[in-house]
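Dear colleague,

I am passing on the structure below, together with some notes on how its parts are arranged. Please read the notes with the structure open beside them.

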Amino acid sequence: MDKSQKLIMLPGPTNVSERVMQAMLGPIINHRGDSFRELYKGVLDKTRRFFQTQGDVVVFTSSGTGGVEAAVLNVIRPGDVAVIPVFGEFSGRLAETVELAGGKAVLVESPPGTAPTIEALRAAMEKQRTFKALFLVHNETSTGVAAPYVEEATRMAHEHGALAVIDAISSLGGYAIPVDKWGVDMCITGSQKCIAAPPGLALMSVGKGVVEFLRKSPPKTRYFEIPRYLEYGAKGETPFTPALPLFYALDEALNELLEEGLARRVERHDEMSVLLYDGLAKAGLKPVAEKAVRSKTVVASYYPPGVEDAGFRKALAREKGVVIAGGFGPFAGKVCRVGCMGQINRSYVERTLTAISEMLSSSLNAPKPINPS
Ligand SMILES: Cc1ncc(COP(=O)(O)O)c(C=O)c1O
């Protein structure tokens, strides 16, 4: 097993600073004691600042999928209709989760590499007239496409009396989503992306409309029962045993983020993504996403002809120490995905671009295997 630390340029998990890694070595403490209460209250305060909300926030010991499932199980009741733009793997999964909860998913689809237009979304909402919620994946990590209309889509959902739930798992921190200003009812993110903490926690904002709804209609889930998290959160506790080392790490990663400043972090993601897109294009990799919807946090690009995906990525990790991801579904084998998240900086970008260019020229110039027949 190779345990050496490589440069992790995945679309999450991403590189974690030494400071955050060290924080995980804090003592195991009583999660019903004062030390944990102090830690968790601090985490909730910092999470509020990160989501730009005065409202409620929750941190689940779960990966991002748990956060999405929590949103669905708390909002959807059997028979409820949800409007869902579907433009890749994660938005597709979200729609399936709504159906699993007994809801009806009305899909607004668009071809891979694009996002449904705001006009298509508006038309779907108008056709539906009333529905329970809009579930929007802001950044489709499978294709490197960001839907550029969180604020407008939220406003449109509200015009139909619906809630707006945003999966910002691979984007919040690389993008700002000012939850209160835009009126987003629920926003979900994961610890392992732009926050640059280790994987294992899902963070969520919960607006007043959702809290009022849950008061009248308790959800049918135990682990993800939001009212219980809010009740315990008010005392600085979680209802169930928290993954303590991850909470230490999240606290430190949020300290780092707030010291840098959210605006600067977002700007850094902007700048680094420009360098990545430019450098990859120079190396002969064509972006999957149309320019207007290109993600700043996940850069998905087609390989030049003649590159074998799995072998290329393995050699890149082994020989250059740089880890990138492959494509999903229709893009498997054709596309690589490079994360531009969290600690991303000029030296990581340059190291990645050099590694990819060198690997490409050696794999394209490598002698082809001789056909034995
Ligand atoms: C947009 C989006 N939603 C949901 C998920 C699921 O998160 P996790 O893998 O942490 O469960 C991911 C993971 O990459 C994602 O990018």
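The domain assignment of the protein, with bounds taken from an automatic or database assignment, gives domain 1 (7-13 + 261-363) and domain 2 (19-260). Please note that this is a predicted model, in which local features need pLDDT of at least 70 and side-chain atom pairs count only at pLDDT 80 or more, while totals for chains, interfaces and linings use all residues. Residues are numbered from 1 along each chain as its sequence is written.

The C-alpha centres of the two domains lie 26 Å apart, and 29 residues of domain 1 are in contact with 30 residues of domain 2 (contact: C-beta atoms, placed from the backbone, within 7 Å). On the side of domain 1 that touches domain 2, the elements giving two or more residues are helix H11 (262-282) and S12, and H11 gives the most, with 5 residues. Helices (H or I, at least four residues) and strands (E, at least two) are DSSP runs, numbered from the N terminus.

Strand S12 (residues 298-302) is mostly covered, with 4 of its 5 residues buried (20 or more other C-beta atoms within 10 Å of the residue's own, C-beta atoms being placed from the backbone). Strands pair if DSSP finds at least two bridges between them: S12 runs antiparallel to strand S15 (residues 335-339), joined by 5 bridges, with Val298 partnered by Gly339. Strand S11 (residues 286-287) is also antiparallel to S12, through 2 bridges, and Lys286 has Tyr302 as its bridge partner.

Best regards

Notes. Buried ≥ 20, exposed ≤ 12 C-beta atoms within 10 Å, placed from the backbone. Contact = placed C-beta atoms within 7 Å.
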